[in-house]
Amino acid sequence: MSTGSGQGRFSNVTAQDVVGGLLLLGIAVLILDLIRLVVTGGLPLGRLWAYVWNGIVDSLYIGLAAIGLSMTYSILRFANFSHGDLVTTGAFSGWTAAYLVGGLGVAELSSRLLLRADGGAQPGSVGMDVLSAPLAIVVGLIVAAIITIGVALAIDRLVYKRLRDAGGIPLLIASVGVALALRYLIAFFYTTETRGVVASAPQPEAPGFLPMETINLHEATLVISALTLILGIHLLLQYTKLGKSMRAMSDNKDLALITGIPTERVIFATWVIGSGLAGVAGYLIVLDRGQITINLGWFLLLLIFAAVILGGIGSIYGALAGSLVIGLTINLSLVWIPADMNEIAAFTLMILVLIFKPDGLFGGVETA
Amino acid sequence: MALLEVADLDAGYGDLQILEGVDLIVDDGEYVTIVGPNGAGKSTVMKSIFGLTAYMGGAVEFDDEGIHGYRPEDIIRTGIGYVPQNDNVFPSLSVKENLEMGAYILDEVPEDRMRRIYDRFPILEERKSQKAGTMSGGQQQMLAMGRALMLEPDLLMLDEPSAGLAPDLVDDMFDRIDEINDDGTAILLVEQNAKEALRRCDRGYVLVQGQNRYEDSGDALLADDQVRQDFLGG
């Protein structure tokens with residue numbers, strides 16, 4: 001057989017290399033075009049900065065949710081499609097708590113309890129912003145985490161625990177069912193109406209060293225909360241016994257079992273942390289966007305999955321890096337394409353990267 | 001007195017029975033090896049002692065305590081350490097973290113024991129911050145043993161520790177097992193490398209099709225013509 005020598009000098013070039021090369025070339029062209037736009041004044045620096053900043057903000061809440069999805073994937077070994085609706089659960093439960101506390105004596109109990117399903121309790125009149133009602137906002141954040149954790153643990157007990165050894169596919173399908181049940185349970189109480197629940201964000205003047213003129217305090221709250229939580233997760237995973245045992249179990253569940261690691265307790269911790277972060281993410285998204293809707297988490301889920309897959313599924317640090325890529329992509333793509341199509345850019349990028357590197361950007365360097 | 005006593009054990013996976021009436025005894029500080037052809041159920045014996053197979057009958061006693069039905073974390077507490085054949089380290093954890101996981105059931109990581117393991121396997125101390133998955137097969141095997149030794153078990157079960165090692169490392173591996181045994185830890189060893197294992201051990205069992213076939217001192221099994229012809233390649 002002499003076919004090997006007959007294929008010429010390109011015989012080692014695979015389809016992956018071609019896609020990878022084109023991808024890098026495409027990115028290079030876009031960067032050059034970006035420079036051209038900035039230099040020629042077609043894209044004011046202020047707007048570019050706004051895109052980058054929005055990308056970072058988006059990547060932080062996507063990242064918060066992606067940590068949980070990545071954890072449940074690596075430790076429970078299934079793609080949890082109900083994760084997006086845990087985000088929604090956090091949003092509704094947290095803001096209900098915020099209204100119950102913040103609207104005390106200002107608005108009807110029923111309007112507050114059902115988050116303005118009746119159109120009462122205007123966010124402005126309740127004073128629902130971080131300066132007017134800081135206590136209510138903080139209580140809402142904590143309740144968002146607690147209720148979401150409770151719901152996730154209850155679902156695990158009712159559904160996933162019974163399917164623990166059934167394999168990834170039955171669990172995945174069950175999680176789609178759970179997602180729908182959860183979403184419409186929320187809709188049953190809160191209606192499917194999209195509505196504003198947060199007053200417009202206070203925007204004090206920014207100190208000189210920042211590149212923007214004013215600071216959106218709600219965005220700042222999101223950024224600081226998310227960064228704090230991400231740092232906390234990092235410290236937990238690297239330096240605590242629980243964190244190390246979680247990484248051990250995500251490496252090899254059978255070995256964890258015979259090493260004496262109580263696997264059910266690690267699974268419990270996984271749900272607590274993953275769903276707690278998802279709930280907080282949902283709450284913070286509403287704080288930033290001002291509006292709440294039952295499709296909040298469901299629509300976000302695709303982006304979360306894209307981030308997790310892009311980073312190399314099962315790696316938490318990969319998921320965070322993937323979130324940054326997705327967040328920046330959907331915002332920077334606005335330079336070239338209209339806003340209602342920007343998610344196309346994120347998914348196109350994801351597909352191209354996966355053809356180029358099927359294990360994700362960080363595949364093979366599993367970190368947790 | 002018997003440290004480990006397996007009596008008339010039936011076990012398997014799902015509905016498939018692998019072990020049929022297996023008897024096995026390991027005394028305090030003894031070095032026992034199980035040899036036999038592929039698929040004889042050698043590894044299954046270890047997994048069954050650890051409660052990782054479907055139990056179908058018989059008894060497993062350790063230190064006069066029936067341990068059948070115990071969770072793995074409780075079996076570890078009774079004093080059995082187990083090093084499975086494949087995937088026996090946590091690849092993304094550092095060497096040190098792997099050893100720490102070995103002591104998971106203790107409230108605190110016993111630094112003195114970690115010290116002794118580093119003394120026994122100096123390469124582990126050299127590479128303590130390195131990710132286990134980046135080490136060679138032989139080093140991973142040492143790490144896996146070190147992890148199991150963190151609890152200073154009375155019995156250490158090793159499933160084919162020489163599998164996949166370069167020939168010059170195999171002898172070294174057997175020497176290290178001898179050292180661990182000399183320090184008073186009883187050894188239960190499953191090996192493909194049957195001749196060497198029988199040469200080193202106190203007693204051996206030949207397992208065939210999930211049943212005890214022969215049982216004697218290692219030297220006697222090596223000298224037995226029938227055993228040599230059927231299982232040791234003449």
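Trainee: Hi! Why does B:R147 count as buried?

Mentor: B:R147 counts as buried because it has 27 C-beta neighbours inside 10 Å. The cut-offs are 20 or more other C-beta atoms within 10 Å for buried, 12 or fewer for exposed and partly exposed in between, with C-beta atoms placed from the backbone. Keep in mind that this is a predicted model, where local features need pLDDT of at least 70, side-chain atom pairs count only at pLDDT 80 or more, and totals for chains, interfaces and linings use all residues. Residues are numbered from 1 along each chain as its sequence is written, while chains are lettered from A and ligands numbered from 1 in the order in which they are written.

Trainee: Which helix does B:R147 lie in?

Mentor: Helix 6 of chain B, residues 137–149. Helices here are DSSP runs of H or I with at least four residues, strands are runs of E with at least two, and both are numbered from the N terminus.

Trainee: And what is B:R147 in contact with, leaving aside its neighbours within four places in sequence?

Mentor: In chain B, the partners are B:N98, B:L99, B:M101 and B:G102, and from chain A there is A:T259. Contact means that the two C-beta atoms, placed from the backbone, lie within 7 Å.

Trainee: How does the predictor score the complex?

Mentor: The complex gets an ipTM of 0.91 and a pTM of 0.85.

Trainee: New topic. How many helices and strands does chain B have?

Mentor: Ten helices and ten strands. Buried residues account for 44% of the 234 residues in chain B, and the C-alpha trace spans about 50 × 40 × 35 Å along its principal axes.

Trainee: In what order do the four strands form an open sheet in chain B?

Mentor: The order is 2-1-4-5, with antiparallel pairing. Strand 2 (16–27) and strand 5 stand at the edges with a single partner strand each, so one side of each has no neighbour in the sheet.

Trainee: How many bridges join strand 1 of chain B to strand 2 of chain B?

Mentor: Eight, and the two strands run antiparallel. Two strands pair if DSSP finds at least two bridges between them. Within that pair, B:Y13 has B:L16 as its bridge partner. On to strand 4 (residues 54–62): strand 1 (residues 2–13) pairs with strand 4 over seven bridges, and B:A7 stands opposite B:A59.

Trainee: What about strand 4 and strand 5 of chain B, how many bridges there?

Mentor: Two, again in the antiparallel sense, and strand 5 is residues 65–66. B:E61 stands opposite B:G66. Their hairpin has two residues between the strands, and B:D63 takes a positive phi near 55°.
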